[in-house]
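I opened my notebook for a first look at this structure. Here is what I looked up, step by step.

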Amino acid sequence: MGNVASVGLSIPEGKVGCYYCRFQQESLLEMATLESDINAPEYVVCFLGGSEKGLELFRLELDKYIQNLKINLDLEQKNLEACVSPYLRSWFEDAICPIQRVVQLFQDKLASLLHAALSYTPVEVKNADERTEKDISRFLAAASLQGLVQEGTMTSLCIAMTEEQHKSMVIDCSGSQPQLHNAGSNRFCEDWMQAFVNGAEGGNPFLFRQILENFKLKEDKQVLCYSLPRLSRTLTT
């Protein structure tokens, strides 16, 4: 698990966010445990960008990015420079920009994707390249309420939602714009989508994530009010 801090630079803008994480290679750490004369090397990775608050919003994604880096280090023992450098150079595109790319791809159809994430509707992606499929999966995970609502309430709410959502939403990416089948939406998701569209001109991935988190907090409050009558009916039946 990494940490996020604010770092001052000698530029007029002042400070930027810094995510940093210290780790050791698992394979070498195991060898060092078995043989006391071997010292497992330690590594420190730092990513600079945006503001402290901006990188804090992506800390889970960056932690996962470092985990994948550790896996690459364990697999590649000899030519670490050729293995690590390309991976580190793509950190911003891979960890920070997926939400922005999904917003730009779906545009006014984004409301249906948000609705699928909140209602835990299964989503099937067809004819998409690997990066687009991963971006959609990450967006759905980021937009869901998992971790915000208490586990018992979320489980019962998902059961109630599943009773209403019998079909998976299918996303066909064979054309220039994705085509959605069995898609749903509501007023809340339409308002949420509009906030993304209004912020699209700046093209700031940190702004898109902040919009995502702000609306999730609003939905978190609403879903508790929604779930109580639904849960009572679910439990009685």
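**Notes on the pocket, a helix and confidence**

I began with the lining of the largest pocket, and α8 gives the most to it, with eight residues. This is a predicted model, so I kept that in mind as I read on.

Next I asked which other helices take part. I found that α3, α5, α6 (98-106) and α11 (205-236) join α8 (130-143) in each supplying at least two residues of the lining.

Then I looked up the volume of the largest pocket, and it came out at about 850 Å³.

What is the lining made of, in nonpolar, polar and charged residues? I noted 15 charged residues, ten nonpolar and three polar.

I turned to helix α4, which covers residues 80-89, and looked for what is buried there. The buried residues are V84, S85 and Y87. I checked what they pack against, and found α3 (59-75) and α5 (91-96). Both of these helices had already turned up in my entry on the pocket lining.

Last, I looked up the confidence. The mean pLDDT of the chain is 80, with 75% of its residues at 70 or more. For residues 151-157 the pLDDT is below 50, and I noted twelve contacts in the model for this stretch beyond near neighbours in sequence. Residues 224-237 also have pLDDT below 50, and here I noted 15 contacts in the model, again beyond near neighbours in sequence.

Notes: Residues are numbered from 1 along each chain as its sequence is written. This is a predicted model: local features need pLDDT of at least 70, side-chain atom pairs count only at pLDDT 80 or more; totals for chains, interfaces and linings use all residues. Side-chain values use heavy atoms; hydrogens and water are left out. Buried means under 20% relative accessible area, exposed over 50%, partly exposed in between (1.4 Å probe, protein chains only). Helices (H or I, at least four residues) and strands (E, at least two) are DSSP runs, numbered from the N terminus. Contact means heavy atoms within 4.5 Å. pLDDT is the predictor's confidence in each residue, from 0 to 100. On a 1 Å grid over the protein atoms alone, a cavity is a set of points where a 1.4 Å probe fits but cannot get out, and a pocket is an open set with protein on both sides within 12 Å along at least five of seven lines; lining residues have an atom within 4 Å of a point. Grid points are joined across faces, edges and corners, and a volume is the space filled by probe spheres set on the points. Ala, Val, Leu, Ile, Met, Phe, Trp, Tyr, Cys and Pro count as nonpolar, Asp, Glu, Lys and Arg as charged, and the others, Gly among them, as polar.
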